[in-house]
Amino acid sequence: MPSDEEVTQRAGSLRSMTGLTEAEFMALLPHFEQAFVVYMHDRTIDGQPRTSRRYSTYEICPLPTTADKLLFILTYLKQNPIQEVQGQLFGMSQSNANKWIHRLHPVLNQALADHELLPARTADDVAARLTTPPTEASAPSSLCCMMGPNDQSSVRKTRRSSKSMTVVKRHATRSKTAS
């Protein structure tokens, strides 16, 4: 099972697994932890309302730290593996992977929403964000740099100089039927 310490020690592993740099991951971690504590204060890991004792991490928990929980959900969202594979990667069964995914995804969304980092989902939301002047509290954080415009793509452009040109496996060949 990859722990967050192992992943951050290997250069590029965190970025390839989650899409975040180490600095972005560490910037998101306290917000995620706060949202997780709030969620677990009212609910059990199964999603049921908490009635008696408070949440505590078990010794045999497959995701013992908050950083491991964040790594788990970000890896799932970036890589989009089937739950069986996600469970194998993090040392748990498919049913436990399903349970953790369904608990941690809303926690991550809440952490991002609390800091206005969720993307707009409707045209009305986009219009509202464009008309609202930015405030000091909504200034871009280090996480927003990944949402900015990128430089021009390094992928080769497909040539389209002639109607009789057919593109096959990156090689341009003239069609023999066209005159």
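**An aromatic pair and the core around it**

Searching the whole structure gives 1 aromatic pair, where rings of Phe, Tyr and Trp (its six-membered ring) count as a pair if their centres lie within 6.5 Å, and where planes under 30 degrees apart are stacked, over 60 edge-to-face and the rest tilted. The centres of the Phe-72 and Phe-90 rings are 5.1 Å apart with planes at 80°, so this pair is edge-to-face. Phe-72 sits in helix α4 (residues 66-79) while Phe-90 sits in the loop between α5 (83-89) and α6 (94-114), so the pair ties together parts 18 residues apart in sequence; helices here are DSSP runs (H or I, at least four residues), numbered from the N terminus.

Please keep in mind that this is a predicted model, in which local features need pLDDT of at least 70 and side-chain atom pairs count only at pLDDT 80 or more, while totals for chains, interfaces and linings use all residues. Residues are numbered from 1 along each chain as its sequence is written, and side-chain values use heavy atoms, with hydrogens and water left out.

Is Phe-72 buried or exposed? Phe-72 is buried at a relative accessible area of 0%, and Phe-90 is also buried at 0%, where buried means under 20% relative accessible area, exposed over 50% and partly exposed in between (1.4 Å probe, protein chains only).

Phe-72 also belongs to the largest nonpolar core, which has 32 residues, and is listed among those with the most contacts inside it, as is Leu-63; such a core is a set of buried Ala, Val, Leu, Ile, Met, Phe, Trp, Tyr and Cys residues joined through side-chain atoms within 4.5 Å. Helices α2 (13-18), α3, α4 and α6 each supply at least two residues of this core.
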